[in-house]
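Please have the model open.

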Amino acid sequence: MRRADRLFLLIHALRGRRRAITAQQLAQTLEVSLRTVYRDVADLQRSGVPIEGEAGVGYLLRKGADIPPLMFTPDELEALIVGTRFVRAFGGVRLGRGATSALLKIEAVLPPELAATADRTRIFAPEVERLENSGLIDGLHEAITARRVLALDYRDEGGQSTQREIEPLCLAFWGGSWTLGAWCRLRSAFRNFRPDRIVGYRDTGAGYPDDPARGLAAYLDNLGVPRDQRQR
């Protein structure tokens with residue numbers, strides 16, 4: 001079980017209880033050791049989750065602590081809901097599944113007043129057939145994360161096809177179209193590619209080094225993006 005999932009289940013086990021639950025009971029519920037329970041509770045307490053109690057006595061989630069591990073304002077909650085809708089529509093298949101799962105976890109612990117806020121949200125991102133459903137964005141994203149060299153069959157604006165080997169660095173969504181930022185080995189320079197113009201691609205099986213001269217920071221410098229405006 002991933003630690004994030006375990007922490008979520010731990011808080012869910014504490015939520016709504018009138019009596020303290022012992023660490024032993026939590027360990028049995030989560031199928032982990034007592035030591036893991038003690039460590040996870042301490043970490044959650046340090047991060048601001050209002051868990052009361054101590055080892056040997058039991059734990060309670062303070063009344064009013066409705067959303068683990070953070071308390072969201074209505075605007076923050078609406079931003080999360082709208083964000084997950086956009087990720088499901090435009091973020092590719094894998095991240096879309098993750099967004100759906102995250103939203104279900106949030107909705108499962110919403111108090112009634114915030115659940116009503118979620119129901120009132122009227123910004124939608126319909127999930128229709130588009131580039132993001134083809135698996136292409138997932139494949140490019142995976143190559144970026146794994147630092148894999150890709151061979152592209154690419155068609156330019158004029159329809160001319162070229163073969164490129166690239167070191168993919170990032171994906172950017174412009175509200176209707178994607179850009180793949182990369183180091184192009186053919187041109188020995190940074191280039192932007194439109195995923196919708198990629199006729200085909202394959203993983204060459206080779207990785208590429210973490211070279212500051214042609215990495216993401218250098219790419220953003222080349223675009224003229226100020227360092228204080230780069231998203232974290």
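Phe86, Phe90, Phe173 and Trp178 are joined into a cluster by ring pairs. Rings of Phe, Tyr and Trp (its six-membered ring) pair if their centres lie within 6.5 Å; planes under 30 degrees apart are stacked, over 60 edge-to-face, and the rest tilted. This is a predicted model: local features need pLDDT of at least 70, side-chain atom pairs count only at pLDDT 80 or more, while totals for chains, interfaces and linings use all residues. Residues are numbered from 1 along each chain as its sequence is written, and side-chain values use heavy atoms, with hydrogens and water left out.

Searching the whole structure gives six aromatic pairs. In one of them, Trp183 and Phe190, the ring centres are 5.1 Å apart and the planes at 85 degrees, so this pair is edge-to-face. Phe190 also pairs with Tyr219: centres 5.8 Å apart, planes at 70 degrees, so again edge-to-face. That pair links distant parts of the chain, with Phe190 in strand S6 (residues 189-193) and Tyr219 in helix H8 (residues 216-223), 29 residues apart. Helices (H or I, at least four residues) and strands (E, at least two) are DSSP runs, numbered from the N terminus.

Buried means under 20% relative accessible area, exposed over 50%, partly exposed in between, with a 1.4 Å probe and protein chains only. Trp183 has 17%, so it is buried; Phe190, at 13%, is buried, and so is Tyr219 at 4%.

Now the loop residue. Glu132 sits between helix H6 (112-120) and helix H7 (136-146), and is buried at 5%. Beyond its neighbours within four places in sequence, its contacts (heavy atoms within 4.5 Å) include Phe90, Phe173 and Trp178.
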